[in-house]
Amino acid sequence: MLNQLIEKCLSEFGEICNTSSNAADFSYWKIGGPVKLLIEPSSVEQLQKAIKYINLYSDVPSLCVGDGSNLLFDSAGFDGVIIKIGNALSKLEYDQTGTIATCEAGIWVPELAYQLSLKGLTGVEHICGIPGRIGGLVYMNGGSNRRSILENTLKVELINRLGELEVEHAKDLPFSYRTSPFQNDGRIVARVTLSLMQGERKVVRAKMRSILASRRKKFPRKLPNCGSVFLSDPKMYDLIGPPGFAIEKVGLKGLKQGQAQISPVHANFIVNNGGATSDDVLYLIRKIRQDVYADTDFLMDCEARYVAPNGGLCQAHIKAEALFGSVGK
Ligand SMILES: Cc1cc2nc3c(=O)[nH]c(=O)nc-3n(C[C@H](O)[C@H](O)[C@H](O)COP(=O)(O)OP(=O)(O)OC[C@H]3O[C@@H](n4cnc5c(N)ncnc54)[C@H](O)[C@@H]3O)c2cc1C
């Protein structure tokens, strides 16, 4: 099945296919292994076609990714097809009022924030320091400063398993902190329309500069990492504090497993000191979950996703417990 699909993809759009890629090259953690086929579409139409083909071969694992800034690939690699949505899909357009912006899923989030700031558009300054692509950000309903991207989203254009485009209006969607309905329905984000307000370029730029300066102070920048590993639970935040504080409190800041380490700069980050494996990271994730639970009675869930060689995708703590034993009640 897989070989047939690879042949079909190579003959249909060979120039955007790569049969010798490694997931570590497109994961911010720099962890991964060989990927059987990587496809990087250069238009929404090509993306639709690729999705349609892949779904005809339903036994072949496939996954759509942006920059891999939230993904832990297994060190064994990925035995299927990865569709990578990046720069080739990054058109940005405005409506006549100039305050409604539609972009393709592959635009780099800091570049989008920069472009909006040049026009003095306000509302999503909080995304300016988040790596990754807008499709991944919408899927994760990511954001910062207690905000999330779907708050400013008007509509999302998605591709279903048949390769057809569908439109969802954000006001009709159930979403909450770091949760979007797209996490469960298998559709691929193709375009996103944001609703913004006209502000002053100087003010918007100043706000972004201050957000970037504060992130630079708080987050580890030199070593590969995937940002915050654990989600902040509002109840736990009020009673104990954010995940980083809880992890530091139980004395785990700086703990190493192989070449992975709980960052000495910010305890909710796990860094790769060079050559870390997915199991090293998963071991630390389970250790954190266990020790914080023993201390606080809160079970912290992961924001980071684990990608199995067979295409399975789950929050990383689920794989960590499957490997190293369950935690809690
Ligand atoms: C240093 C650092 C700081 C970070 N800070 C923040 C932060 O402040 N706030 C925050 O929310 N996140 C943060 N992150 C996490 C990450 O950047 C975001 O979650 C980002 O939005 C993921 O985008 P991506 O393109 O890299 O997605 P990927 O990591 O490639 O994928 C993430 C998930 O989205 C899915 N996906 C990707 N693209 C699509 C698409 N087009 N359609 C459907 N599904 C798709 C993937 O299948 C996967 O399940 C940080 C990460 C790093 C490394």
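**Reading a ligand site and a domain interface**

Guide: In this predicted model, an oxygen atom of the ligand is found 3.3 Å from a polar backbone atom of Leu-137.

Visitor: How much of the ligand's exposed area does the protein bury?

Guide: The ligand exposes 960 Å² when taken alone, and the protein buries 94% of that area.

Visitor: How many residues are around the ligand, and which come nearest?

Guide: There are 34 residues around the ligand, and those that come nearest are Cys-64, Gly-66, Gly-68, Ser-69 and Gly-143.

Visitor: Let us turn to the domains. Into which domains is the protein chain divided?

Guide: The division gives domain 1 at 2-87, domain 2 at 88-216 and domain 3 at 234-324. Taken over C-alpha atoms, the centres of domain 2 and domain 3 are 27 Å apart.

Visitor: How should I read the size of the interface between domain 2 and domain 3?

Guide: The size of an interface is often given as the accessible area that is lost when the parts come together. Here about 390 Å² is buried between domain 2 and domain 3, with 54% of it coming from carbon and sulfur atoms. On the side of domain 2, Tyr-139, Met-140 and Arg-146 lose the most area to domain 3, and together they make up 72% of what that side buries.

Visitor: What residue types make up the side of domain 2 that touches domain 3?

Guide: That side of domain 2 divides into 2 nonpolar residues, 1 polar and 1 charged. Between domain 2 and domain 3 the count is 0 salt bridges, and 1 residue pair is in polar contact.

Technical notes:
Residues numbered from 1 in each chain as written. Predicted model: local features only at pLDDT ≥ 70, side-chain atom pairs only at ≥ 80, totals over all residues. Heavy atoms only, no water. Domains from an automatic or database assignment. Buried area = accessible area lost by both parts, 1.4 Å probe. Salt bridge = Lys/Arg side-chain N within 4 Å of Asp/Glu carboxyl O. Polar contact = N/O pair within 3.5 Å; in protein donor to acceptor, adjacent residues only side chain to side chain. Nonpolar A, V, L, I, M, F, W, Y, C, P; charged D, E, K, R; others polar. Near = heavy atom within 4 Å. Areas by Shrake-Rupley, 256 points an atom, 1.4 Å probe, with all protein chains shown as cover.
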